[in-house]
Amino acid sequence: MRACAMATKWPFSRRSPVAELGAQALLAVSVQTADFDVAALQRNLLAGAQAEGAVACFTGYVRAANVGQPVSVMELEHYPGMTESSIVNILEQACGRWPLLAASVVHRVGRLRAGDQIVWVGVASAHREAAFSACEFIMDYLKNEAPFWKREEGPQGSHWVEARAEDSARAARWDGDPSA
Amino acid sequence: MLKVLFFARIKEELACAGLELPWRETIADLDQLQAQLCNDGGTRWREVLTRPNVIRAVNQSVVTGNARLRDGDEVAFFPPVTGG
């Protein structure tokens with residue numbers, strides 16, 4: 001398993017990725033009610049570095065319909081503490097698979113409306129292949145491991161969103177292929 | 001003391017976000033704790049907590065199978081996650 005790539009630009013390059021949390025932006029996780037600015041997040045991902053040749057980002061939104069039913073409001077609940085630590089764990093796994101320079105996740109909780117941003121994943125690496133793959137891996141694992149739960153509201157009432165087998169299958173694709 | 005937390009659908013169905021139980025040897029593992037909660041809570045709690053898709057976590061780490069508990073542990077019961 002590769003260690004998380006630590007370019008000399010990081011002043012705490014001998015610390016573990018976990019030790020970097022809160023001190024440097026190598027790995028960063030935020031669970032928040034507030035909306036986020038993807039341009040600012042991407043700039044922060046690159047702050048103080050010129051080693052990156054590639055940044056891949058993903059933004060998830062509240063769809064106006066899910067499984068054929070209109071959705072006006074989505075309420076997101078989470079398990080404070082475990083949510084953050086599980087996402088850090090996912091970022092560390094990504095760092096073990098690809099030579100990443102930075103990886104960040106922002107995930108909103110609380111009451112969101114159709115069209116709102118829910119989640120942002122940003123990954124920086126020297127080359128695009130690692131950035132693309134790690135971004136997808138982080139998102140696939142986040143959907144299966146991070147303790148968030150969605151409740152949708154629409155004209156038909158409200159209901160908890162059920163976990164989808166497709167999401168488990170997407171995460172399982174990465175199993176047994178550490179060099180993917 | 002054991003801190004027990006419930007989330008999402010489980011919290012709603014039990015009408016309970018969490019509770020604390022005095023530590024004792026009869027709830028010294030996850031299965032014992034779950035059985036105690038089912039006994040104390042009655043039919044509804046038994047029905048909700050024994051569903052096959054209930055996920056259990058100890059000190060904020062998911063546990064598959066049974067696990068030893070210690071005084072001061074935090075145990076959580078929640079449904080499959082649906083974030084992202």
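**Exercise 1.** Which residue stands opposite B:Arg56 in β4(B)?

*Solution.* Start with the ground rules. This is a predicted model, where local features need pLDDT of at least 70, side-chain atom pairs count only at pLDDT 80 or more, and totals for chains, interfaces and linings use all residues. Residues are numbered from 1 along each chain as its sequence is written, while chains are lettered from A and ligands numbered from 1 in the order in which they are written.

Next, find the strands (DSSP runs of E, at least two residues, numbered from the N terminus). Strand β3 of chain B covers residues 55-58, and three bridges join it to β4(B). The two run antiparallel. They pair, as pairing takes at least two DSSP bridges. Opposite B:Arg56 stands B:Val63.

**Exercise 2.** Describe the side of chain B that touches chain A.

*Solution.* Count contacts (C-beta atoms, placed from the backbone, within 7 Å). Chain B gives 13 residues and chain A gives 21 residues. In chain B, α1 (8-14) and β5 (74-78) each supply at least two residues of that side; a helix is a DSSP run of H or I, at least four residues.

**Exercise 3.** Which residues does A:Ala134 touch?

*Solution.* Leave out residues up to four places away in sequence. The list is then A:Ala94, A:Trp98, A:Leu100, A:Ala103, A:Val123 and A:Ser125.

Conventions
Two residues are in contact if their C-beta atoms, placed from the backbone, lie within 7 Å. Ala, Val, Leu, Ile, Met, Phe, Trp, Tyr, Cys and Pro count as nonpolar, Asp, Glu, Lys and Arg as charged, and the others, Gly among them, as polar.
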